[in-house]
There are 2 protein chains.
Amino acid sequence: MQSPNSGGAPDRPTHPPGPVDESAVIALLRARFEAPARLGTPDGGVPPAGDTWIGDDAAVVGLAPGVRALMATDLVVGGVHVDGDLSAPEDIGYKALMVTVSDFAAMGARPSYALVSLAAPPGTDFDGLGAGLAEAAEEVGCVVVGGDLSESPVLVVSTAVVGVAEHGGPDPLLRSGARPGHRLFVTGPLGRSAAGLRILRSAGPEGGSGTQAPDLVRAHRRPVARLAEGDTSRRSGASAAIDISDGLLADLSHLAVASGVGVDLDTVPVAEGASRGEAMSGGEDYELLVATGAPDHLVEAFASAGLAPPLPIGVCTADLGHLTLGGVELPAGGWLHRF
Amino acid sequence: MQSPNSGGAPDRPTHPPGPVDESAVIALLRARFEAPARLGTPDGGVPPAGDTWIGDDAAVVGLAPGVRALMATDLVVGGVHVDGDLSAPEDIGYKALMVTVSDFAAMGARPSYALVSLAAPPGTDFDGLGAGLAEAAEEVGCVVVGGDLSESPVLVVSTAVVGVAEHGGPDPLLRSGARPGHRLFVTGPLGRSAAGLRILRSAGPEGGSGTQAPDLVRAHRRPVARLAEGDTSRRSGASAAIDISDGLLADLSHLAVASGVGVDLDTVPVAEGASRGEAMSGGEDYELLVATGAPDHLVEAFASAGLAPPLPIGVCTADLGHLTLGGVELPAGGWLHRF
């Protein structure tokens, strides 16, 4: 599957966690979907050159001669990713589309068309959800062209987005392209969404207005996909990227495992008002983590594009499976759904 | 939105219905998503020539010069569309992908790639779901290339499918192309799924084995998208089509309203073992309803392709808003989700 954008923010699960974690489920489903006998591909289950199927932020598929499409989907579940007491329907709709578009940002690609499916309980404010979805679509230059609608005891918003890889440009950025010696950057300080959620919760029922720390609260309610940063990274020759949805440590681990590298971190940029823990494991930042063998090109390209400078955080090593911060070994962390 | 494939089969809602029906919700969302100010299109909200956005079984979008893609999505919700006591996880996975592929059948198009999102409670049999999804994907020649996974108090399976319109062939079949005088056909007798569901329920807890009327039970658990029938209809010059998901009367109404025609039915083909009511309003048949101005071509093309003959059911009229059966006016019917 793509990035299990489960939201590092430890929102309230609606039930006790089960014994199976999502990485085991993803491995199991991947084995089912990629079983060679099931696929009519000439290579028996191996994607054609240039294609990336399960395992990255978005899938890359050859749709017609010379045309490679990108496809991504994400779920937002009421009570798991979003809390109707803390976010307005407009915020939930906005976030539901933006988290899928963030998968495109991580590939250095642009979204074109979206499908939106709503499973919703009685009394759902569809107009609010629709307004937020439409606002996000407008901001990222994407058109909602269809969807589906069903009753359900709990709100589930599923968005699927399709776009096209730039013709003749550098390939979409995968998680798997980082090599030892490549430098790591993030596109902004981390922990804002988790801090915003903490503030909303601690403010009690009236805290929903988000008058305290509005920037942090907004980062939780209305994350913004870093499309320009991803596109600029890809064009500048970056080697790998992922969006930070599950938390820096978890997503570092995803990138490192996919690339077959270790990571030595020098620093973790903590957003003002966020804790160090929120920055490292809070998740739902939707900043990008970028690896590059040409860090000067990346910094120059961001400056030329008028973007805030990418923040250097460390380097990829040959020490596969190991993550250090200031020389101290760290556990990989983040949020895993359990079933 | 596309066809609200809500499943005409009156599965048990998990809550009392609300006062808002889904057609009102779809109209509201469509207004949000197609608001000219929100769309950067040159025509201010009007899809470019050849594109179809919200309102048909699948969306048709220009993805690159000369390449038109089709996109569709559908939801299957536990307790609404599927009942875990009456269908195995393998059946639920199979059906969840097949109902979206059925939207492609209705357009006369072929699916290429699918995304699968699973919102699932603890204890979910992901291997069973995955096996059923993979089996359906294999049968229709489509590859599952990604997805998302989340915990949830209720099972929601959302599938999104992408394919490409045949280059140089007749356009994808829309709901809107029927004209007065065009003949109407269905690709098979109706009511099998609803009859299968009735039999499963009446058999009690042990009825889940489906040993009674296995063909009807299978039609409920494992509907099959009529891809060859849709493709053959499109190539033979048919003017419009829709898949019968909400029930014949409801889907006839969708096609008639989109085409601006009325309908005079001569007959409703009732499947063996199904009631007349199940055939007319049961839904979830996933047979196709096809309109054509060249009925002889359609019949010949089905015969040449080795398909069962399409069954003639009536004719389109200029009497917009009116549906008759044997000369008697009928109400439009079917299942609408309420919120």
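The questions and answers below go through parts of this predicted model, in which local features need pLDDT of at least 70, side-chain atom pairs count only at pLDDT 80 or more, and totals for chains, interfaces and linings use all residues. Residues are numbered from 1 along each chain as its sequence is written, while chains are lettered from A and ligands numbered from 1 in the order in which they are written.

Q: Which helix gives the most to the side of domain 1 of chain A that touches domain 2 of chain A?
A: Chain A is divided into domain 1 (22-164) and domain 2 (175-329), with bounds that come from an automatic or database domain assignment. In chain A, 21 residues of domain 1 are in contact with 22 residues of domain 2, contact being counted if the C-beta atoms of two residues, placed from the backbone, lie within 7 Å. On the domain 1 side, twelve residues come from one helix, and that largest contributor is helix 2 (residues 89-107) of chain A.

Q: Which strands stand at the edges of the open sheet of seven strands in chain B?
A: The order of this sheet in chain B is 7-9-6-10-8-11-12, with mixed pairing, where two strands pair if DSSP finds at least two bridges between them. Strands (E, at least two residues) and helices (H or I, at least four residues) are DSSP runs, numbered from the N terminus. Two strands have a single partner strand each, so one side of each is left without a neighbour in the sheet, and these are strand 7 (240-243) and strand 12 (328-329) of chain B.

Q: At what angle do the axes of helix 4 and helix 5 of chain A cross?
A: The axes of helix 4 (residues 192-202) and helix 5 (residues 214-221) of chain A come within 7 Å, axes being lines fitted to C-alpha atoms, for helices over the stretch in contact, with angles from 0 to 180 degrees between N-to-C directions. Helix 4 and helix 5 of chain A therefore count as roughly perpendicular, a term that covers 65 to 115 degrees. The crossing angle is roughly 105 degrees.

Q: Is Y286(A) buried or exposed?
A: Y286(A) has its place in the loop between helix 8 (276-281) and strand 9 (288-292) of chain A, and has a positive phi of about 60 degrees although it is not a glycine. A residue is buried if 20 or more other C-beta atoms, placed from the backbone, lie within 10 Å of its own, exposed if 12 or fewer do, and partly exposed in between. Because 26 other C-beta atoms lie within 10 Å, Y286(A) is buried.

Technical notes: Parallel < 35°, antiparallel > 145°, perpendicular 65-115°, else oblique.
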